[in-house]
Protein chains: 2
Amino acid sequence: METRALETFAQEYKQLLEDELRRLVEKLKAPPIIKESMIYSLEAGGKRIRPLLLFATLDAFGMNPKKGLLAAAAIEMIHTYSLIHDDLPSMDNDDLRRGKPTNHKVFGDAIAILAGDALLTYSFEVISQLPTDVFSADTKLKLVIEMAKAAGTEGMVGGQVADMEGEAKSLTLQELEYIHIHKTGKLLGFSVLAGGIMAGANQEQLHNLSGFAHHLGLAFQIQDDILDLVGNEEIIGKPVGSDTTNLKSTYPQLLTLEGARTALEDQITSAKENLERTGLNTQLLSEITDLVASRDH
Amino acid sequence: METRALETFAQEYKQLLEDELRRLVEKLKAPPIIKESMIYSLEAGGKRIRPLLLFATLDAFGMNPKKGLLAAAAIEMIHTYSLIHDDLPSMDNDDLRRGKPTNHKVFGDAIAILAGDALLTYSFEVISQLPTDVFSADTKLKLVIEMAKAAGTEGMVGGQVADMEGEAKSLTLQELEYIHIHKTGKLLGFSVLAGGIMAGANQEQLHNLSGFAHHLGLAFQIQDDILDLVGNEEIIGKPVGSDTTNLKSTYPQLLTLEGARTALEDQITSAKENLERTGLNTQLLSEITDLVASRDH
């Protein structure tokens, strides 16, 4: 298999994904306003890190990533629904996301809630319709079950609940990890796991892919916290750590900035060790890992 | 097969369903508050008409209704999520449902939104885990797809959007039917269709079951509108039809009360004709149909 640089790979599949997302919503026979609302948030941009992980995992198995397009679209729908609901006034009450007005600011709270519901619901239909000539019903059913687990109370929703409950108190490192492993880690993990399931990975490979995704998810979150803090430092012009009024627990707060940077390196190392143990051609996944550690936004 | 009266049948399966719903949520490893919120609304009562339709359809095929318990639970979870989200302040803003405070009045808007999300997500996991020794992966995948269609923008969510958009204007009979066919009809229809899919119905039987569910759904809604009006008449003590300030379109408003009663009879007749054409033992389904037409609440 030809080795491709991540950048070219990412560009190609991001475009494929975004075209597919639009196509999937446009073909629905439904009131125009709900389709507009769904497309608005699906097209709000972002790194598409979850679909990219899925495509790169399929690539690692020597499988054509295009075969997984509907699964990638389903995962991005779930991620998008979670952003729409998280931004609502009764949740995080955010007016802007990536510089654009949030869904409910444009369409109103009711349509935003329903657009989230619609994307979540549609994701299960979409992933069930992966090409029949490539994937068995057993495989697709396994994807449905794992996606529901990753997105539900034992995954993303559970993490969101714990995050809300933890907002106004200081957390232990264990509590902080519970939140991140569930709120962001489980769906990131499913993106990798789904690729493994689709490619017919054996139990040991699935185990190592899960381990990889676990550490990558934590790395992602630690880097998020570091960027928040470094960003804040530049903006507010005071030394890191002097702001004790923000009650929201973060890795730098619990570990110091240096400690958080060490923890990030540890997670990246563990992620890559898991990758190597799969015995696959994991160049793209490895590059994604480096990207997570070094990203500046 | 022994012929059982609907009342006994309904009591037995309602209990089984309610025990199963509680068991399914209790076993989740998740923050207690979200499980409490899910159980609160799942246990808020109701006629459990959708699960009952599923059980009665399996019975019509001579299949043990217990085999469909997880599918019935999944459908009731979707129905319950839709009630929780519909009751939110930004939607219908209802403080009470069946005499109990609505979910968001007890748990707050954020947890109510997340409990709805959680129930919707879980429903797909639950229906995917129907007993493997009875149902093939193909059958379960078909259920996932049809459930997503019934619940999504081409079904229930689409109907809810149209309902909200139509609230402040007078609708044509066609527009009113679009709302009801989608908002309530599609999930009622899936309850029957799911039974047929699970029992291995042939295409003609599925067609007739769909027709049955379509007419039953409309009958259900027309009776709802009639009850609303008759209830209002008794409460407000003025003749039917004198209240022109309520802009919400209803069947009696569009057809007169007598016209609505005739339409109800027509739907019941059509529903039963479809049932008869299945050639199955549809006594229970027929009794459910009579119940819909004659219910007083």
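View 1. Most residues other than glycine have a negative phi. This is a predicted model, in which local features need pLDDT of at least 70 and side-chain atom pairs count only at pLDDT 80 or more, while totals for chains, interfaces and linings use all residues. Residues are numbered from 1 along each chain as its sequence is written, and chains are lettered from A and ligands numbered from 1 in the order in which they are written.

**View 2. Residue A:R98 in a loop of chain A.** A:R98 is found between β1 (96-97) and β2 (100-101) of chain A, and although A:R98 is not a glycine, its phi is positive, at about 50 degrees. Because 10 C-beta neighbours lie inside 10 Å, A:R98 counts as exposed.

**View 3. Residue B:L88 and its contacts.** B:L88 lies in the loop between α4 (69-87) and β1 (96-97) of chain B, and with 22 C-beta neighbours inside 10 Å it counts as buried. Leaving aside residues up to four places away in sequence, B:L88 touches A:I113 of chain A as well as B:H104, B:D109 and B:A112 of chain B; two residues are in contact if their C-beta atoms, placed from the backbone, lie within 7 Å. B:L88 and B:G189 are 101 residues apart in sequence and, C-alpha to C-alpha, 26 Å apart in space.

**View 4. Helix α6 of chain A packed with helix α6 of chain B.** The two helices, each made of residues 109-128 of its chain, pack at an angle of about 15 degrees with their axes 10 Å apart, where axes are lines fitted to C-alpha atoms, for helices over the stretch in contact, and angles run from 0 to 180 degrees between N-to-C directions. That angle makes α6(A) roughly parallel to α6(B), a label for angles under 35 degrees, whereas those over 145 count as roughly antiparallel, 65 to 115 as roughly perpendicular and the rest as oblique. The contact is made by A:I113, A:D117, A:L120, A:T121 and A:F124 of α6(A) and by B:I113, B:D117, B:L120, B:T121 and B:F124 of α6(B). Of the 20 residues of α6(A), 18 are buried, so this helix is largely enclosed by the rest of the structure.

**View 5. The contact between chain A and chain B.** This contact takes 42 residues from chain A and 42 residues from chain B. On the side of chain A that touches chain B, α2 (32-42), α6, α7 (137-151) and α8 (156-166) each supply at least two residues, and α6(A) gives the most, with twelve residues.

**View 6. Helices α1 and α2 of chain A.** Helix α1 (residues 6-26) and α2(A) pack at an angle of about 170 degrees, with their axes 10 Å apart, and are therefore roughly antiparallel to each other. Their contact is made by A:L21, A:R22, A:V25 and A:E26 of α1(A) and A:K35, A:M38, A:I39 and A:L42 of α2(A).

Notes. Helix = DSSP H or I, 4+ residues; strand = E, 2+ residues; numbered from the N terminus. Buried ≥ 20, exposed ≤ 12 C-beta atoms within 10 Å, placed from the backbone.
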